[in-house]
Amino acid sequence: MTPSSAPPVRRVRMTREARRAQIVEVTTRIISERGYAALSLDEVARAVPMTRAGLLHYVGSRQGLLQLVVEQGYDQRFDPEDFVATQDPAATHPDGVSFPAYLRYLVAHNAQDPQLLRLYVVLGAEALVEDHPLHDYFDRRPEQVWALYSATRWRLPPEVGGWEGMRDLVQMAIAAMDGLQLRAFRSPPVDLPSAWATFEAVLFPSPVWDGFR
């Protein structure tokens, strides 16, 4: 079949929110499988399906498409407020939220969506190159995570000296989590929740953290 005889794109009416979610889902799959360099606006438009012009109406550009995926697909998932909303006893204690319990919650949910996890790992590796559109995003991410977590009232052992005394430990926990997520796609893969339990015992040792988990 020649391009001129290809069937027209069959459009399906959807709400704007549903269409954006569909675009994010398709783009996440493509990037997680082949990387940002292989991302094609035309391929995304065909898979949605919609015209290229229609896709650009939602995302503005190829870089805008990437930004949408990061913001809607990854950044807005499983933050401390989501943990509190679960009504888990560790999240609703009158003295504050358990930080180790929140990290367990985060790891468990990340493990349930390997494609999204792979997206983050792939983009993080690609963004080491300075001209990658997400280079600055990943450079800023540790500070952004710290600011996000600082908005929550955590229940902490007296020995850590309050939330400000947690800064180095939070950065180490993020680095450990990033490393485990990368390891999940090596051979043989690791079970993230089980592996994180080992890390937790080192990062939040007994007896200091007993009663604060």
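A residue is called buried under 20% relative accessible area, exposed over 50% and partly exposed in between, as computed with a 1.4 Å probe on protein chains only. The structure described here is a predicted model, in which local features need pLDDT of at least 70 and side-chain atom pairs count only at pLDDT 80 or more, whereas totals for chains, interfaces and linings use all residues. Residues are numbered from 1 along each chain as its sequence is written, and side-chain values use heavy atoms, with hydrogens and water left out.

The protein chain contains ten helices and two strands, these elements being DSSP runs numbered from the N terminus (H or I of at least four residues for helices, E of at least two for strands). Along the sequence the elements follow the order α-α-α-α-α-β-α-α-α-β-α-α. The C-alpha atoms fill a box of roughly 70 × 35 × 30 Å, taken along the principal axes, and buried residues make up 42% of the 213 residues in the chain. With contact taken as heavy atoms within 4.5 Å, residues 24 or more positions apart account for 63% of the contacts that have a separation of 6 or more.

Two packed helices are described by the angle between their axes and the distance between the axes. The axes are lines fitted to C-alpha atoms, for helices over the stretch in contact, and the angles run from 0 to 180 degrees between N-to-C directions. Angles under 35 degrees count as roughly parallel, over 145 as roughly antiparallel, 65 to 115 as roughly perpendicular and the rest as oblique. A crossing is right-handed if the near helix is turned clockwise from the far one by less than a right angle, and left-handed if anticlockwise. In the classes used below, Ala, Val, Leu, Ile, Met, Phe, Trp, Tyr, Cys and Pro count as nonpolar, Asp, Glu, Lys and Arg as charged, and the others, Gly among them, as polar.

Helix 1 (residues 16–34) packs on helix 3 (residues 52–59) at an angle of about 100 degrees, with the axes 11 Å apart, and the two helices are therefore roughly perpendicular to each other. Arg 16, Arg 19, Arg 20 and Ile 23 of helix 1 make this contact with Leu 55, His 57, Tyr 58 and Val 59 of helix 3, a set that divides into four nonpolar, one polar and three charged residues.

For helix 8 (residues 135–149) and helix 9 (residues 167–183), the axes come within 11 Å and cross at roughly 120 degrees, which makes helix 8 oblique to helix 9. The crossing of these two helices is right-handed. On the side of helix 8 the contact involves Pro 142, Glu 143, Val 145, Trp 146 and Tyr 149, and on the side of helix 9 it involves Arg 167, Val 170, Gln 171 and Ile 174; by class these are six nonpolar, one polar and two charged residues.

The axes of helix 6 and helix 10 come within 9 Å and cross at roughly 155 degrees, so that the two helices are roughly antiparallel to each other, and helix 6 passes helix 10 in a right-handed crossing. Pro 100, Leu 103, Arg 104, Val 107, Ala 108 and Ala 111 in helix 6 meet Leu 192, Pro 193, Trp 196 and Glu 200 in helix 10, and this contact has eight nonpolar, no polar and two charged residues.

A nonpolar core is a set of buried Ala, Val, Leu, Ile, Met, Phe, Trp, Tyr and Cys residues joined through side-chain atoms within 4.5 Å. In the largest such core, of 36 residues, the members that touch the most others are Phe 99, Tyr 102, Tyr 149, Trp 163, Met 166 and Trp 196; helix 6 (99–111), helix 8, helix 9 and helix 10 (192–203) each supply at least two residues of this core. Apart from this core lies another, of 29 residues, including Val 69, Tyr 74, Leu 119 and Phe 138.

Several loop positions complete the description. Gln 87, in the loop between helix 5 (80–85) and strand 1 (97–98), has a positive phi of about 65 degrees although it is not a glycine, and is exposed, with a relative accessible area of 55%. Thr 152, in the loop between helix 8 and strand 2 (154–155), is instead buried, at 18%, and is in contact with Pro 80 and Val 97 when neighbours within four places in sequence are left aside. A cis peptide bond with omega of about -5 degrees joins Ser 187 and Pro 188, the latter lying in the loop between helix 9 and helix 10.
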